[in-house]
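User: Hello! I would like to learn how to read a protein model, one feature at a time. Could you walk me through it?

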Amino acid sequence: MVVKRQKNNLASRLGDSVRKTFEEKKSLSPEFDTQAGLPAGIEGGIAKLVDCKFLQVAAGKQNAGKDMFFAAGIVVSPSEYDGVGLVGLRTQISEPLYDTPTRSRKTVDEHLEWVMNQLKMLGIDMSEMAIEDLEDIADALKEQRPYFRFRTWAGTKQEIENRGGKFFVGTKGPYATEAAAKAANPFAGTEPRVQHNWNGACEYIEDETENSIVDETPITLPLKKSKKTKGVVVEEEPEVEESDLSGLAIAADDGDDEAASQLAELAKKAGIDEDTINSLEDWTSVVGLIQESEEAEEESEEESEEEEPETEEEDWQPEKGQVYPYKAPGKRKAVDCEVTAVFTTKETVNLKNLDDDKIYRGVSWDKLEG
């Protein structure tokens, strides 16, 4: 049964003292374990990009307000390593975009060069891009969700050494006291952190008949985007996929009020009234009604299309097996691509690049040339 908000709920029990904290923190991005749960020693791993962005260091942290780059992917292969299940775990990289005198890359120019190389390895041709395109390039990559190779490793544990009353950590030092050495190198004496190296985009054929990928990213509804810059296009608001609806239902049935609110809103948009929603036993049943409503709408649209007189401009749609020129985000020119699947309701297609067999999913019909 759908859970309704009660007057004597958690908020009232916690009191007004925590309300300010909730309001301040509710819009902040989630913070994931930077170790991502992956063990060191993975070679030739494959992951799928799920996040790519430029952001500013959060308030209250060191270097607050300064820019940095962040990207994350979810592992699809290998399924396990050294007894640890890997599918669905995160691999992520980040890079400051400000001067860091104590690091191997010390200047903002060196950091930017590293970031640009990562973007190029993920398939972006930057030869005709401008620096103003960087954020849109990241958005386009996140939309494209390419597969890429990665590896993990850990360095040697660095102990604090006392050399004649001076303290060293590896090659860094001397420090006057052990406490000073520890303060300058907070990970001294601890096990080395797992490092993640990404090695560029690759091909990977996902088994679409099974839910082989478990994305641990928090469930959110798609946000509207409409950005167009030189060579980079971010498609407008995608529809909520069936797997997203199922995830929302599971979260709502487990007591997640935000997921329940999102599902209730989607149900209303699908024409399901509140009384019907409240009469159902769980949110999975609500999702079932939403999907039934969408299927009925698709059938109605197909019937309308059959009844309407054909006009070359309005009734055109691509067909499976046809070949069209298509210019992918970040590419300078279009290439011939074969249509491998057609989605009439969404007016999108899946394409296969005839030069390198790369797969493009969810391409809008109006992006096809010729």
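Analyst: Gladly, and we can begin with pairing: two strands pair if DSSP finds at least two bridges between them. Helices (H or I, at least four residues) and strands (E, at least two) are DSSP runs, numbered from the N terminus. Here, strand 2 and strand 5 (residues 90-96) run antiparallel and are joined by seven bridges. One of the pairs is A72 with its bridge partner Q92 in strand 5. Please keep in mind that this is a predicted model: local features need pLDDT of at least 70, side-chain atom pairs count only at pLDDT 80 or more, and totals for chains, interfaces and linings use all residues. Residues are numbered from 1 along each chain as its sequence is written, and side-chain values use heavy atoms, with hydrogens and water left out.

User: How many bridges join strand 1 to strand 2?

Analyst: Strand 1 (residues 45-56) is joined to strand 2 by 10 bridges, and the two run antiparallel. Q56, for example, has D67 in strand 2 as its bridge partner.

User: How much of strand 2 is buried?

Analyst: Buried means under 20% relative accessible area, exposed means over 50%, and partly exposed is in between (1.4 Å probe, protein chains only). Strand 2 (residues 67-77) is mostly covered, with nine of its 11 residues buried. Over the chain, buried residues make up 30% of the 370 residues.

User: Which residues of strand 13 are on its covered face?

Analyst: Y324 and Y326 make up the covered face of strand 13 (residues 323-326), while V323 and P325 are on the uncovered one. Strand 13 pairs with strand 14 (residues 335-343) in the antiparallel sense over four bridges. Within strand 14, Y326 stands opposite V335, and P325 has D336 as its bridge partner.

User: How does one read the length of helix 7?

Analyst: The expected span of a helix is 1.5 Å times one less than its number of residues. Helix 7 (residues 257-269) has 13 residues and should span 18 Å; its end C-alpha atoms are 18 Å apart, which agrees. Among the buried residues of helix 7 are A259, L263 and L266. Just after helix 7, G271 has a positive phi of about 90 degrees.

User: Which residues other than glycine have a positive phi?

Analyst: As background, most residues other than glycine have a negative phi, and most peptide bonds are trans. N63 is one case, with phi near 65 degrees. N63 is in the loop between strand 1 and strand 2, and at 27% relative accessible area N63 is partly exposed. D82 is another case, with a positive phi of about 55 degrees. D82 belongs to the loop between strand 3 and strand 4 (84-85) and, at 71% relative accessibility, counts as exposed.

User: Where is there a cis peptide bond?

Analyst: The bond from S77 to P78 is cis, with omega near 0 degrees. P78 lies in the loop between strand 2 and strand 3 (80-81).

User: How many disulfides are found?

Analyst: A disulfide is a covalent bond between the sulfur atoms of two cysteines. The search counts a pair of cysteine sulfur atoms within 2.5 Å, and over the whole structure it finds zero disulfides. C52 is buried at 1% relative accessibility, and C337 is buried at 0%.
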